[in-house]
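This briefing is meant for a reader who is meeting the structure for the first time. Please look over the sequence and the model before reading on.

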Amino acid sequence: MAARYLKFFWRGYDLGLLGLAMIHGLNGLRTILDDYLKGFARNVAVRALYVIGVSFLALGTYAIVAFQPKTTVPGTPGVPGTAVSEAR
């Protein structure tokens with residue numbers, strides 16, 4: 001998994017997947033809250049759900065963007081396509 005993060009495509013793919021999964025999950029939870037809560041309680045719960053959802057989305061985005069894979073693992077050959085593996 002770490003080797004594929006050397007390419008921008010896979011980071012973008014994972015960001016898109018994270019975004020779509022969060023939208024899907026939050027929409028399902030919002031539907032459940034709409035079914036069981038009414039009035040002020042529903043409004044508070046839905047807004048709290050959005051805050052929690054945006055927080056998790058920000059955390060997941062940070063994890064994907066900030067992740068820096070090691071180019072080698074001790075005892076294994078280098079990751080194909082990197083300078084470390086090309087030098088061997």
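The model described here is a predicted one. The secondary structure of the protein consists of three helices and zero strands, and read from the N terminus these elements follow one another as α-α-α.

**The chain as a whole**

- The protein has 88 residues, of which 18% count as buried.
- Its accessible surface amounts to about 6,700 Å², and carbon and sulfur atoms hold 71% of that surface.
- When contacts with a separation of 6 or more are considered, 49% of them in the protein are accounted for by residues 24 or more positions apart.

**The pairing of α1 and α2**

- Helix α1 covers residues 8-36 and helix α2 covers residues 39-66, and the two pack at an angle of about 165 degrees with their axes 10 Å apart.
- Because an angle over 145 degrees counts as roughly antiparallel, α1 is described as roughly antiparallel to α2.
- The crossing that α1 and α2 form is right-handed.
- On the side of α1, the contact is made by Arg 11, Asp 14, Leu 15, Leu 18, Gly 19, Met 22, Leu 26, Leu 29, Arg 30, Leu 33 and Asp 34.
- On the side of α2, the contact is made by Arg 42, Ala 45, Val 46, Leu 49, Tyr 50, Gly 53, Phe 56, Leu 57, Gly 60, Thr 61, Ile 64 and Val 65.

**Leu 49, a residue of α2**

- Leu 49 lies in helix α2, and with a relative accessible area of 11% this residue is buried, because buried means under 20%.
- Not counting residues up to four places away in sequence, Leu 49 touches Leu 26, Leu 29, Arg 30 and Leu 33.
- Leu 49 and Leu 33 are 16 residues apart along the chain, and their C-alpha atoms are separated by 9.5 Å.

**Thr 61, a residue of α2**

- Thr 61 is also found in helix α2, and its relative accessible area of 28% makes this residue partly exposed.
- Leaving aside neighbours within four places in sequence, Thr 61 is in contact with Leu 15 and Leu 18.
- Between the C-alpha atoms of Thr 61 and Leu 18 there are 7.9 Å, although the two residues are 43 residues apart along the chain.

**Asp 14, a residue of α1**

- Asp 14 lies in helix α1, and with a relative accessible area of 12% this residue is buried.
- Apart from residues up to four places away in sequence, Asp 14 touches Arg 4, Tyr 5 and Ile 64, and Ile 64 is one of the residues through which α2 makes its contact with α1.

**Lys 70, a residue of a loop**

- Lys 70 has its place in the loop between α2 and α3, the latter being the helix of residues 83-87.
- With a relative accessible area of 65%, Lys 70 is exposed, because exposed means over 50%.
- Lys 70 and Ala 3 are 67 residues apart along the chain, and their C-alpha atoms are separated by 8.4 Å.

Technical notes: Residues are numbered from 1 along each chain as its sequence is written. This is a predicted model: local features need pLDDT of at least 70, side-chain atom pairs count only at pLDDT 80 or more; totals for chains, interfaces and linings use all residues. Side-chain values use heavy atoms; hydrogens and water are left out. Axes are lines fitted to C-alpha atoms, for helices over the stretch in contact, and angles run from 0 to 180 degrees between N-to-C directions. Helices (H or I, at least four residues) and strands (E, at least two) are DSSP runs, numbered from the N terminus. Angles under 35 degrees count as roughly parallel, over 145 as roughly antiparallel, 65 to 115 as roughly perpendicular and the rest as oblique. A crossing is left-handed if the near helix is turned anticlockwise from the far one by less than a right angle, and right-handed if clockwise. Contact means heavy atoms within 4.5 Å. Buried means under 20% relative accessible area, exposed over 50%, partly exposed in between (1.4 Å probe, protein chains only). Accessible areas come from the Shrake-Rupley method with a 1.4 Å probe; for residues, only the protein chains shown count as cover.
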